[in-house]
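Trainee: Could you walk me through this structure?
Mentor: Gladly; have a look at it first, and then ask whatever comes to mind.

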Amino acid sequence: MTASRTDHLGNFAGAEIESLLASLGVTHVVSVPDSTIGEWYGAIERSERVELVRVCREGEAWGVAAGLYLGGATPLVLIQCTGLFESGDALRNALHDWKLPLFAIIGYRSYLNQETLPGDTCLVFTEPILDAWRVGYRFITAPSQLDEMRAHLTKCRDAGEPGVVLIAEGKA
Amino acid sequence: MSMQLRGAMRALHSARRDDDIVITTMGAAREWMMLGPRDTDLVFVPSSMGQATSVALGLALAQPQRRVIVVNGDGSMLMNLGSLVSITAAAPADLVVILADNGVYEVTGSQPTPGAAAGRVSGTSVDFAAMAKACGFQSVYQFATSAEWTRAIKGVLSETGPTFVALDVVSVPGTPGPRSPGPAAARAKAFMASIRGT
């Protein structure tokens, strides 16, 4: 891991993300933003196919997504990895107790660029935490992998399993 | 003055509509299971800390044609106070949050919560109803006796929401926590089939 990776690779355009989510049938995006994810909000807010649900902390996002799913909607949780750390109990309950096949996109802070936070411990803990919570995920490091995201989430949807995509981000 | 949780829940059981979704957790879940939930109810056991209100918000957004009622405890509410803000941000008109406030973590041995007078240096309890009002709940109520609650409940549930109701309930030390009524995943499937089919 170096601090010299370029920081633009994780930056999908909001329209690409909105289009991807809509094509997967996602009805609601439940989210707390970071500086990468936040750039997608405009496209999601303008969408007539996907509704943005703002929550105050990431644990809530899993609870709201659980309720949406139980109510017949198709939600997706959109948070940063720091929010993943704080939302463990809610994730455990939704995915493992109730076995709800929820989708999530999780931003991997500092993966591409550590200038702002040298030695960011997100790089130490993000993947082991996902493994610890037994969340199968696809790691995306470049916008050219949009089709991989689609394929992964489609496969998970068709299998009735949770679908998580980890997206490398640049500066925190 | 305060009321028994069981009596408060009995009043709700009588006043709810057949097609309401009622979500209960912790002590309220225990009492609701004794009263007999409908297929459209979600006994949120096992739960995650403080998430009943968040699950209720999701259900209210997904099922806007139904009234969603969630009964939460004050300890659980304190673990997820931000959900009050998230609820009013989304503003589902048919969501009712009922807070059964007994001032303690009853199922762990009745230790005072940090919101209760006994758990605070100041000796004054936090005002959940004022908090809900400040968050922007459309309709906010507080009831200290079973008679008041029972008299008002139908009108309260019919208000334009989101609605917040604080009930002052007595703690019953030694009361056990709720026992899961069965495998959660199977209950989730049955719940989903029920609300889609009715």
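**Core, sheets and interface**

Mentor: Let me begin with the largest nonpolar core, which has 111 residues, and in which A65(A) and L167(B) touch the most other members. Please keep in mind throughout that this is a predicted model.

Trainee: Which residues is A65(A) in contact with, leaving aside its neighbours within four places in sequence?
Mentor: Within chain A these are V30(A), P75(A), V77(A), A94(A) and L102(A), and from chain B there is G58(B).

Trainee: Then on to the interface: how many residues of chain B are in contact with chain A?
Mentor: There are 28 residues of chain B in contact with 25 residues of chain A. On the chain B side, the elements that give two or more residues are helix 3 (52-62), helix 5 (82-90) and helix 8 (184-197) of chain B, and the largest share, eight residues, comes from helix 3 of chain B.

Trainee: And what is that side made of, by class?
Mentor: The side of chain B that touches chain A has 17 nonpolar residues, 10 polar ones and one charged residue.

Trainee: Let's switch to chain A alone. What does its secondary structure come to?
Mentor: Chain A has seven helices and six strands, and from the N terminus on its elements run α-β-α-β-α-β-α-α-β-α-β-α-β.

Trainee: How does its radius of gyration fit with a compact globule?
Mentor: The two agree, because a compact globule with 172 residues would have a radius of gyration near 16 Å, and chain A has 15 Å. Its C-alpha atoms fill a box of roughly 45 × 35 × 30 Å along the principal axes, and 49% of the 172 residues of chain A count as buried. Among the contacts in chain A with a separation of 6 or more, 77% are between residues 24 or more positions apart.

Trainee: What is the strand order in the chain A sheet?
Mentor: The six strands form an open sheet in the order 2-1-3-4-6-5, with parallel pairing. Strand 2 (51-54) and strand 5 (137-140) of chain A each have a single partner strand, so they stand at the edges, with one side of each left without a neighbour in the sheet. Neighbouring strands of this sheet are turned by 20° against each other on average, direction ignored.

Trainee: Over how many bridges do strand 1 and strand 3 of chain A pair?
Mentor: Strand 1 (residues 28-31) and strand 3 (residues 75-80) of chain A pair in the parallel sense over four bridges, and the bridge partner of V29(A) in strand 3 of chain A is L76(A). Helix 3 (residues 58-70) of chain A lies across strand 1, strand 2 and strand 3 of chain A, running at about 175° to strand 3 of chain A.

Trainee: And what order do the strands take in the six-stranded open sheet of chain B?
Mentor: There the order is 2-1-3-4-8-7, with parallel pairing, and strand 2 (42-43) and strand 7 (139-143) of chain B stand at the edges. Strand 3 (residues 68-73) and strand 4 (residues 95-101) of chain B pair over six bridges, with G73(B) opposite A100(B) in strand 4 of chain B.

Notes: Residues are numbered from 1 along each chain as its sequence is written. Chains are lettered from A and ligands numbered from 1 in the order in which they are written. This is a predicted model: local features need pLDDT of at least 70, side-chain atom pairs count only at pLDDT 80 or more; totals for chains, interfaces and linings use all residues. A nonpolar core is a set of buried Ala, Val, Leu, Ile, Met, Phe, Trp, Tyr and Cys residues joined through C-beta atoms within 7 Å. A residue is buried if 20 or more other C-beta atoms lie within 10 Å of its own, exposed if 12 or fewer, and partly exposed in between; C-beta atoms are placed from the backbone. Two residues are in contact if their C-beta atoms, placed from the backbone, lie within 7 Å. Ala, Val, Leu, Ile, Met, Phe, Trp, Tyr, Cys and Pro count as nonpolar, Asp, Glu, Lys and Arg as charged, and the others, Gly among them, as polar. The radius of gyration is taken over C-alpha atoms; the globule rule is 2.2 Å times the number of residues to the power 0.38. Two strands pair if DSSP finds at least two bridges between them. Axes are lines fitted to C-alpha atoms, for helices over the stretch in contact, and angles run from 0 to 180 degrees between N-to-C directions.
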